[in-house]
Structures are given as structure tokens and as C-alpha cells.
Amino acid sequence: MSTLIAEPSTVNHPVVSMDRWIADRKALLAREKELTHLRDQVARERRALPWVRIEKNYVFDTSEGRRTLAELFEGRRQLLVQHFMFGPGWKQGCPSCSFMADHTDGMNVHLAHRDITFVAISRAPLAEIEPFRQRMGWQFKWVSSHGSDFNYDFHVSFTPDERAKGEVYYNYGTQPFESEELPGISVFYKNDAGEVFHTYSAYRRGVEAMMGTYNLVDLTPKGRDEIDGPMAWVRYHDRYEPAPPAKPAAAASLVAAHT
């Protein structure tokens, strides 16, 4: 039986000998290996999921003109979609979706070499998306599903009727309405015959797959440190206040000066 461990504090944190630290670190390593093996197993189960053939002819507005879902693959067999929260009439995209997207450009060349094309899709018209994309300096492809059923069919946008009922279908269940747009990731496969299949979608914390920053933050003593709530700290990368300056190691300097 596992024991829940309270969130540790950096105040009066235990300090031990190296031998004790190595012993505790090895115990944690065993748990990390369990998690790695479990993650590998879940990934295999994810790949084993049955597929759904896409029968509807979705068409998107792109910077190169109108394109079908099959054309978004750009010659590759796998398509990874970020359902980016950006509704018609919005002045800018969702801050959390923007945080996700900040991780994308550096990964794109590597994804392409694994037979994967990445695209962000939003319901806002392309003319509203493009100024924000340019402001943020992103290079990844971002297209508009405006006028199509795509966002509604993948349950990341919600119709006026759904909103009026106060309940929507999201993350594979019914929940109270919270926003006209919500985040997600979807994956598609195209075979040699040109048929497109939906293979996977994730919502809620499933979208953390795109948030590499959290993987690094989780390694640190303070962890996510989200006192005001999940992602309340996130800002557009051009809207952060200057980062606090590093504090000088005064005590260490004094010791060094007297040795």
C-alpha cells in the first residue's frame, strides 16, 4: 500500500549525510523506474486503441488557402493537432494554450523526422489568428476551422444550445459549462489510400504532454508552487514582468573571504 506524502516545504527541510541521501535517492529511483515502465505500458495501450475513420470533409482556412484535413498532413502519415482556445472575436488566444504553444517550434523539426506534422487549429477566423501569431513570434502552422464542425465534433467548442443548457460534453463526460472554448490535443493517421483516422484525443491535464516546462519545474525543490491555482502564474511570454534578480550568496562570500 502506498503512503501519501504531504507536499514538502523548503523551510527547515531535512538535511542529512550523503550516505543517507544516497539511500533515499535509490528508494525514489525505484519508484521513478516504476513510473517510467508504467508510462511505457500506457503508451503501448494508447497505440493499441482502435481508430475511427473520419467520414466528414473538414476544410480549414490556411495561409496557403483552403485545405482539407487530409491535406494538413503535408505528406506525412501522422498529424498532431493542438486545439488552441481562440474563439471568433477574441483579441488574443488563451494564455495557457499559448504556454503550450511556446514549446512547439523547437520540437517541430524533430516531430517531422518522426513522420509527424503539427498544426494548431482554432475557431477564430485566420485574419484574427495571424496578428496574434506574429506578435508571439511563432513559426508553427496555425489554421482556422471557422465555419466548420471540426471544433464541435471534437468537443473543444460548444454551441449556443449547449451553453444555454449549462452542460457540455468534454473530456469524455458531461460537465457544467465553463467556457465557449476548451483545450485539447488530437492525433490522426492517414494511410496510403488517403483515408484519415482519428486515433487519440486528450483533454484537461492530458494536454500537459505539450508543457515541457512543467517537467523541469517538477524536478525542483519548490515544484509547481501554484499557490493561486493551476496555471494562474502563466502569462503570455511577452507580458511577464522582469524576472526577479538572483540574490547574492552573501553568507558564502563571507566564508570564502575568511578562509
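Trainee: Which residue forms a salt bridge with R123?

Mentor: Happy to start there, with the note that this is a predicted model, in which local features need pLDDT of at least 70, side-chain atom pairs count only at pLDDT 80 or more, and totals for chains, interfaces and linings use all residues. Residues are numbered from 1 along each chain as its sequence is written, and side-chain values use heavy atoms, with hydrogens and water left out. A salt bridge here is a side-chain nitrogen of Lys or Arg within 4 Å of a carboxyl oxygen of Asp or Glu. With its closest N and O atoms 2.6 Å apart, the partner of R123 is E181.

Trainee: How many residues apart are R123 and E181?

Mentor: R123 lies in the loop between β5 (116–122) and α4 (126–136). E181 sits in the loop between β8 (173–176) and β9 (184–190). Helices (H or I, at least four residues) and strands (E, at least two) are DSSP runs, numbered from the N terminus. The pair thus links distant parts of the chain, and the separation is 58 residues.

Trainee: Is E181 buried or exposed?

Mentor: Buried means under 20% relative accessible area, exposed over 50%, and partly exposed in between (1.4 Å probe, protein chains only). Because E181 has 1% relative accessibility, it counts as buried.

Trainee: Which residue forms a salt bridge with E178, and where is that partner?

Mentor: E178 is in the loop between β8 and β9, and its partner is 26 residues apart from it. The closest N and O atoms of the pair are 2.5 Å apart, and the partner is R204. As for where, R204 is in the loop between β10 (196–202) and α7 (212–217).

Trainee: What relative accessibility does R204 have?

Mentor: E178 is partly exposed, with a relative accessible area of 45%. R204 also counts as partly exposed, and its value is 36%.

Trainee: Which residue forms a salt bridge with K222?

Mentor: K222 is exposed, because its relative accessible area is 54%. The closest N and O atoms are 3.5 Å apart, and the partner is D225.

Trainee: How many salt bridges does the structure hold?

Mentor: Side chains of opposite charge can pair when their charged atoms come close. The pairs we discussed include R123 with E181 and K222 with D225. The structure holds a total of 20.
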